[in-house]
Amino acid sequence: MSQLKAIIGLGNPGTDYADTRHNAGAWLVEAIARDSLTPLRMEKKFLGQYAKVNFAGQELHLLNPTTFMNRSGAAVAALCQFFKLSPEELLVAHDELDIAPGTARYKQGGGHGGHNGLRDTISALGNNNAFHRLRIGIGHPGEARQVVNYVLSRPGKSERASIDAAIDECLATLPEALQGEWAKAMNRLHSFKG
């Protein structure tokens with residue numbers, strides 16, 4: 001199994017979206033950058049905010065695309081082309097409607113499940129969906145027609161605290177994932193309820 005070399009956090013750019021549920025993936029990457037004491041900086045060639053960090057003894061590329069969510073793939077493809085990364089070396093963090101706030105799940109491969117950021121990323125990688133995902137639970141509003149407003153709005157205080165707790169647990173399990181110990185990382189993360 002390929003070793004992870006990059007973590008990409010999906011979200012929408014700008015202050016209007018920074019605290020919305022759809023940016024949960026970007027929150028994870030921001031937390032890694034913060035923990036690594038390395039700020040994300042705008043990098044035009046990657047169409048996003050980028051940092052190279054040492055995390056858990058491993059060099060990692062961090063990227064938060066600053067394209068809109070449905071155009072995330074262009075940033076991911078630019079990073080992959082520049083550093084010659086294969087999809088299997090990527091971990092894409094994103095918000096997930098199908099799991100509750102306070103939970104997160106690792107996954108490899110699969111479809112996009114209606115997530116526009118994943119759909120565009122798969123397409124930009126030549127329809128290769130073999131990348132790893134980190135699904136950060138934001139819960140579901142209950143009705144399909146409410147989804148767009150829901151993901152583009154801010155979570156309440158306790159909901160955000162649950163999401164942040166799950167992100168902290170993601171950070172705690174990442175060293176195992178980076179070592180290729182996916183079963184261990186999944187076991188710990190998937191039993192966490194923040």
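Predicted model: local features only at pLDDT ≥ 70, side-chain atom pairs only at ≥ 80, totals over all residues.
Biologist: Which way does H5 pass H6, in a left-handed or a right-handed crossing?
Modeller: H5 passes H6 in a right-handed crossing. Residues are numbered from 1 along each chain as its sequence is written, and side-chain values use heavy atoms, with hydrogens and water left out.

Biologist: At what angle do the axes of H5 and H6 cross?
Modeller: At roughly 165°, and the axes come within 8 Å. H5 covers residues 157-178 and H6 covers 182-190. That angle makes H5 roughly antiparallel to H6 (over 145 degrees; under 35 is roughly parallel, 65 to 115 roughly perpendicular, the rest oblique). Axes are lines fitted to C-alpha atoms over the stretch in contact, with angles from 0 to 180 degrees between N-to-C directions. Helices are DSSP runs of H or I, at least four residues; strands are runs of E, at least two.

Biologist: Which residues make that contact?
Modeller: From H5, they include Cys170, Thr173 and Ala177; from H6, they include Trp182, Ala185 and Leu189. Contact means heavy atoms within 4.5 Å.

Biologist: New topic. Which residues have the most contacts inside the largest nonpolar core?
Modeller: Ile7, Leu28, Ile32, Tyr106, Leu134 and Leu174, in a core of 35 residues. Such a core is a set of buried Ala, Val, Leu, Ile, Met, Phe, Trp, Tyr and Cys residues joined through side-chain atoms within 4.5 Å. Buried means under 20% relative accessible area with a 1.4 Å probe, protein chains only; exposed is over 50%, partly exposed in between.

Biologist: And what does Tyr106 touch?
Modeller: Not counting residues up to four places away in sequence, its contacts include Leu134, Cys170, Leu174, Trp182 and Leu189.

Biologist: Which residues of H3 are buried?
Modeller: Gly117, Leu118, Asp120, Thr121 and Ile122. The buried residues of H3 pack against H2, strand S5 (90-96) and strand S7 (132-137).

Biologist: How do H2 and H3 cross?
Modeller: At roughly 40°, with axes within 7 Å. That makes H2 oblique to H3. The crossing is right-handed.

Biologist: What comes just after H3?
Modeller: Gly126, with a positive phi of about 70°.

Methods:
Left-handed = near helix turned anticlockwise from the far one by under 90°.
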